[in-house]
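Have the model open beside you as you read.

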Amino acid sequence: MAADKPARRRRSPEEAEREILDAARRLLADQPSHEVTVGAIMAETTLSRKSFYVYFRDRYELLTRLVEPLGAERDAIVAELWREGADMATGGRAALLALAALYARHGPLLRALAEASSQDREAKRAWRDFLEPVIVGHADKIREEIELGRIAGVDPEPTARALIGMNLQFFFDQLVDNPRPDLEGTADTLLTIWQRTLYGAD
């Protein structure tokens, strides 16, 4: 609470920025996005409210900065699937297993942002920026598989969007706030659906 804030102290810009990000991350995991205002965030720090604008232009920039490292980690995981000549079935399970682990660790923040995107304009922009690159990348990979004759009869962009949307919902349902998440089972279930949808077989 604001009344219990520790005494302010001098700190480096990096420390101050990290304190704001950590406070926002905690609040977003526990509260609806519209309640996580600049004032509410700064009340959880040892900084003054106006300090927020020293480090962030607005809430959109804050939300974007929160998910940037997760986007980079996710992109590193799926990069192998986008390698030229690699097929999605071969690398699919390893990628899904690594993604399941990512969502088990950071799911509360990502779920909060996804849920807020339907009501909060800034959250919607941040979530779109997080999600769209991976949809575009998978759609391109499906097109490559079609050109190689491995996949037929699917429309790449809507298929990628539907399958990734399914992944997200299943990750949120199975892994977030689960003290004993079944990463292997989650990855195997999703892999089966992806393979049958794209390749028509296990």
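## Aromatic rings

Ring pairs join F52, Y53 and F56 into a cluster. Here, rings of Phe, Tyr and Trp (its six-membered ring) pair if their centres lie within 6.5 Å, and planes under 30 degrees apart count as stacked, over 60 as edge-to-face and the rest as tilted. By this rule there are five aromatic pairs. One of them is stacked: W127 and F130, at 5.5 Å centre to centre with 25° between the planes.

W127 and F130 are three residues apart in helix 6, so about one helical turn separates them. W127 is buried, with a relative accessible area of 9%, and F130 is buried too, at 4%. (Buried means under 20% relative accessible area, exposed over 50%, partly exposed in between, with a 1.4 Å probe and protein chains only.)

## Charges over rings

R74 lies over the face of F130, 4.4 Å from the ring centre. R125 lies over the face of Y60, at 3.7 Å from the ring centre. The rule asks for NZ of Lys or CZ of Arg within 6 Å of the ring centre and within 35 degrees of the ring normal.

## About the model

This is a predicted model, in which local features need pLDDT of at least 70 and side-chain atom pairs count only at pLDDT 80 or more, while totals for chains, interfaces and linings use all residues. Residues are numbered from 1 along each chain as its sequence is written, and side-chain values use heavy atoms, with hydrogens and water left out.

Definitions and conventions. Helix = DSSP H or I, 4+ residues; strand = E, 2+ residues; numbered from the N terminus.
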